[in-house]
Amino acid sequence: MTVRIFPTTGPGAVPDPEVAAMLATLDAGFPDVATMAAAEVRAAIRARRAPLQRLPDMRAVRDLTIDGPGGPLPLRVFRPHHDDEALPVIVFAHGGGFVFCDLDSHDEFCRSMAAGVGAVVVSVDYRLAPEHAGPAAHDDVFAALRWAAANAGAHGGDPARIAVAGDSAGGNLAATVAIAARDAGGPPIAAQILIYPVIDDDFETESYRRFGTGHYNTTSAMRWYWANYAPHGTDDVRLVPTRAASLAGLPPAVVITAELDPPCSAGDAYARRLATDGVAVRHRRYNGLFHGFLSIPSLAATVAARTQIWTMTRELLDLPRDR
């Protein structure tokens, strides 16, 4: 087993001028989701979205629909310009508080991941809350994982090297699906990539106390997301991965957190618990950065962080499971 806890980056709670300016813009302009209906939030988010640039360029991008547990489940499959006949496969769940975002909102991020890691990326357009409360999203991502394991070869992928990944709410879904696959006896997963994951609904952690207001992602927004996604409580391990009795036997993990993010403490603690339970972990906390920063490619900090994260991901996908 290998456990690598990477040093945090930056001076701590002091964003550089470019990051500070972006954070101020986001904090001032992002919708106050806690005062809105889900449909209004989705419309506001879409209205802010720039037109798709379809960059980086891919060898192939295919939209398709599979049979999901709740009906047709849309996927988008990205195959990068790599000569390998069988690339690793990453099943990706987007963020958005379980309530908004879609295949288009994370199109650029998935392309960057596919090109940077050298992997086929399968992006999942899972069902959204509150119309579909949890564990509907979890079930959809698990179904996409099973589809990827059965169909990887048809898209240039290697079924022996499948990872699950996600940012924010999608990080929660990747973590819970990794547990579900372990408990179901498969499909086997080579790695889990958890990017500032929303691990649980504990709003009393240090990062919630310090950064719950004024840092773009807020405590009130997080309460609203959880109220929509889990209206009947969060005792189910399919909703909160820390409900699992043990994390032993889970795939190696990359865990990324951002210091100025209210869920940061929970993500840091999850990385430590994974390591304690014998899981190989690569954990890096980015100081002076905020929730969602990796989906803003114009930031210099994002470019550098993506390079580091893609490298850590490649390392895991090249490691045998028993290391």
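Pro-135 lies in the loop between strand E5 (120–124) and helix H4 (136–151), and the peptide bond from Gly-134 to Pro-135 is cis, with omega near 15 degrees. Helices (H or I, at least four residues) and strands (E, at least two) are DSSP runs, numbered from the N terminus. This is a predicted model, in which local features need pLDDT of at least 70 and side-chain atom pairs count only at pLDDT 80 or more, while totals for chains, interfaces and linings use all residues. Residues are numbered from 1 along each chain as its sequence is written, and side-chain values use heavy atoms, with hydrogens and water left out.

**Backbone geometry**

- Most residues other than glycine have a negative phi, and most peptide bonds are trans.
- Another cis peptide bond runs from Leu-55 to Pro-56, with omega near -5 degrees; Pro-56 sits in the loop between helix H2 (38–48) and strand E2 (60–68).
- Ser-168, a residue other than glycine, has a positive phi, near 60 degrees.
- Ser-168 belongs to the loop between strand E6 (157–167) and H5, and its relative accessibility of 8% makes it buried (under 20% relative accessible area; exposed is over 50%, partly exposed in between; 1.4 Å probe, protein chains only).
- Tyr-216 also has a positive phi, near 75 degrees, and is found in the loop between helix H6 (206–211) and helix H7 (219–229).

**Overall fold**

- Nine helices and nine strands make up the secondary structure elements of the protein chain.
- The radius of gyration is 18 Å, close to the 20 Å that the globule rule gives for 323 residues, so the protein chain is as compact as a globular protein of that length; the radius is taken over C-alpha atoms, and the rule is 2.2 Å times the number of residues to the power 0.38.
- The C-alpha trace spans about 45 × 40 × 40 Å along its principal axes.
- Among contacts (heavy atoms within 4.5 Å) between residues at least 6 apart in sequence, 77% join residues at least 24 apart.

**Burial and surface**

- Of the 323 residues in the protein chain, 57% count as buried.
- The accessible surface comes to about 12500 Å², and 51% of this belongs to carbon and sulfur atoms; areas come from the Shrake-Rupley method with a 1.4 Å probe, and for residues only the protein chains shown count as cover.
- There are 29 positive and 36 negative side chains, and the centres of the two sets lie 3 Å apart.
- Lys and Arg count as positive and Asp and Glu as negative, without His or the chain ends; each charge is placed at NZ of Lys, CZ of Arg, CG of Asp or CD of Glu.

**Nonpolar cores**

- A nonpolar core is a set of buried Ala, Val, Leu, Ile, Met, Phe, Trp, Tyr and Cys residues joined through side-chain atoms within 4.5 Å.
- The largest nonpolar core has 71 residues, of which Leu-75, Val-91, Leu-145, Tyr-225, Tyr-270 and Leu-274 touch the most other members.
- Helix H5 (residues 169–184) gives the most to this core, with nine residues.
- Apart from this core lies another, of 39 residues, including Phe-78, Met-113, Ala-258 and Ala-305.
- Leu-75 touches, among others, Arg-62, Leu-103, Val-122 and Trp-147, not counting residues up to four places away in sequence.

**Ala-34**

- Ala-34 is in the loop between helix H1 (17–29) and H2, partly exposed at a relative accessible area of 35%.
- The C-alpha atoms of Ala-34 and Ala-221 are separated by 5.4 Å, although these residues are 187 apart along the chain.
- Leaving out residues up to four places away in sequence, Ala-34 touches Ser-220 and Trp-224.
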